[in-house]
Amino acid sequence: LGRQSVADPVVYLENQVSTDSSSGHGTHVAGIAAGFGTASATPGRYRGVAHGARLIGLGAGEVAEVDTVLGAWDWILANKDNPAYNIKVVNNSWGPGAGAQYDPDEPVQRGIAALHDAGLVVVFGAGNDGPKSGTINIFSANPKAISAAASSKAGHIALFSSRGVPGSPLL
C-alpha cells in the first residue's frame, strides 16, 4: 500500500496483551467474531460467528488515522502467509458515516482492493447511522469488501444499523 510523507511513523509492537486501549470497541468486535460465549447467562449461548478463531489485534487508535490503518494493512500484507499468523480475514469496524462518496482512488479504498487482490477477505461494518435510508460506511460499499450490518438477538436488523443507499449499484 505504501505510506506517503507522514510525520510520525507507524510503530509495530508485537506480543501485546491487548491492542484495545481506549473504548473497548475492539474487544467487543473480537467477541462477536471469535468469542466462546462464556460470559453468556447460559455459557456458550452467544458465541462469536467464528468462535475459537485465532485473532490478531491491530490497534489504530480511537480515531482511525488513514496512515495508521494503511500501515497496519501493510503489516498484514507482509505477514499474511507467515504460518504463525495464517491471516485470511481482515475485519474493520470503523469508517465514515452517511454522506461520504465512494471513490475507488481514495487511499483506503485502494488499500481494500490490495488486501482483496492478495487473497484476503475484507469485512467492514455497515455503520451505525440507521434506521434512515441512504446510510452506509462507504468503505463497506467497496465491491471488494463484505458489508456487515448489526442485528438484534432475534435476528432482525438492529435499529441503529445503516441501511445502504436504495438504487445504488454499489449498495
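## Stop one: the end of a helix

Helices here are DSSP runs of H or I with at least four residues, strands are runs of E with at least two, and both are numbered from the N terminus. Before going on, note that this is a predicted model: local features need pLDDT of at least 70, side-chain atom pairs count only at pLDDT 80 or more, and totals for chains, interfaces and linings use all residues. Residues are numbered from 1 along each chain as its sequence is written, and side-chain values use heavy atoms, with hydrogens and water left out.

Is asparagine 79 buried or exposed? Buried, with a relative accessible area of 15%; buried means under 20%, exposed over 50%, and partly exposed in between (1.4 Å probe, protein chains only). Its side chain reaches the backbone oxygen of tryptophan 75 at 2.8 Å. That's a polar contact: a pair of N or O atoms within 3.5 Å where, within protein, one must be able to donate a hydrogen and the other to accept it, and residues adjacent in sequence count only if both atoms are side-chain atoms. Leave aside neighbours within four places in sequence, and asparagine 79 is in contact with Tyr85 and Ile87 (contact means heavy atoms within 4.5 Å).

## Zoom out

Color by secondary structure and you'll get 3 helices and 3 strands, running α-α-β-α-β-β from the N terminus. Of the 171 residues in the chain, 25% count as buried. Among contacts with a separation of 6 or more, 60% are between residues 24 or more positions apart.

## Into the core

Now show side chains for Trp73, Ile76, Ile112, Leu115 and Phe124: they have the most contacts inside the largest nonpolar core, which has 19 residues. A nonpolar core here is a set of buried Ala, Val, Leu, Ile, Met, Phe, Trp, Tyr and Cys residues joined through side-chain atoms within 4.5 Å. α2, α3 and β2 each supply at least two of the core's residues, and α2 gives the most, with 5.

Keep α3 on screen. Its buried residues are Val108, Gln109, Gly111, Ile112, Ala113 and Leu115, and they pack against α2, β1 (89–92) and β2. At the start of α3, a side-chain oxygen of glutamate 106 reaches to within 2.9 Å of the backbone nitrogen of valine 108. Just after the helix, look at glycine 119, with its positive phi of about 95°.

How many salt bridges does the structure hold? There are 2, where a salt bridge is a side-chain nitrogen of Lys or Arg within 4 Å of a carboxyl oxygen of Asp or Glu.

Select aspartate 117 and lysine 144 for one of them, at 2.7 Å from N to O. This pair links distant parts of the chain: aspartate 117 is in α3 (residues 107–117), while lysine 144 is in the loop between β2 (121–125) and β3 (146–148), 27 residues apart. Aspartate 117 is exposed at 54% relative accessible area, and lysine 144 is partly exposed at 29%.

For the other, pick lysine 80 and aspartate 81, whose closest N and O atoms are 3.1 Å apart. Lysine 80 is buried at 14%, whereas aspartate 81 is exposed at 62%.

## Out on the surface

Valine 121 lies in strand β2 and is partly exposed at 36%.

Most residues other than glycine have a negative phi, and most peptide bonds are trans. With that in mind, select asparagine 86: its phi is positive, about 50°, although it is not a glycine. Asparagine 86 sits in the loop between α2 and β1 and is partly exposed at 44%.

Last, where is proline 131? Look in the loop between β2 and β3; the peptide bond from glycine 130 to proline 131 is cis, with omega near 5°.
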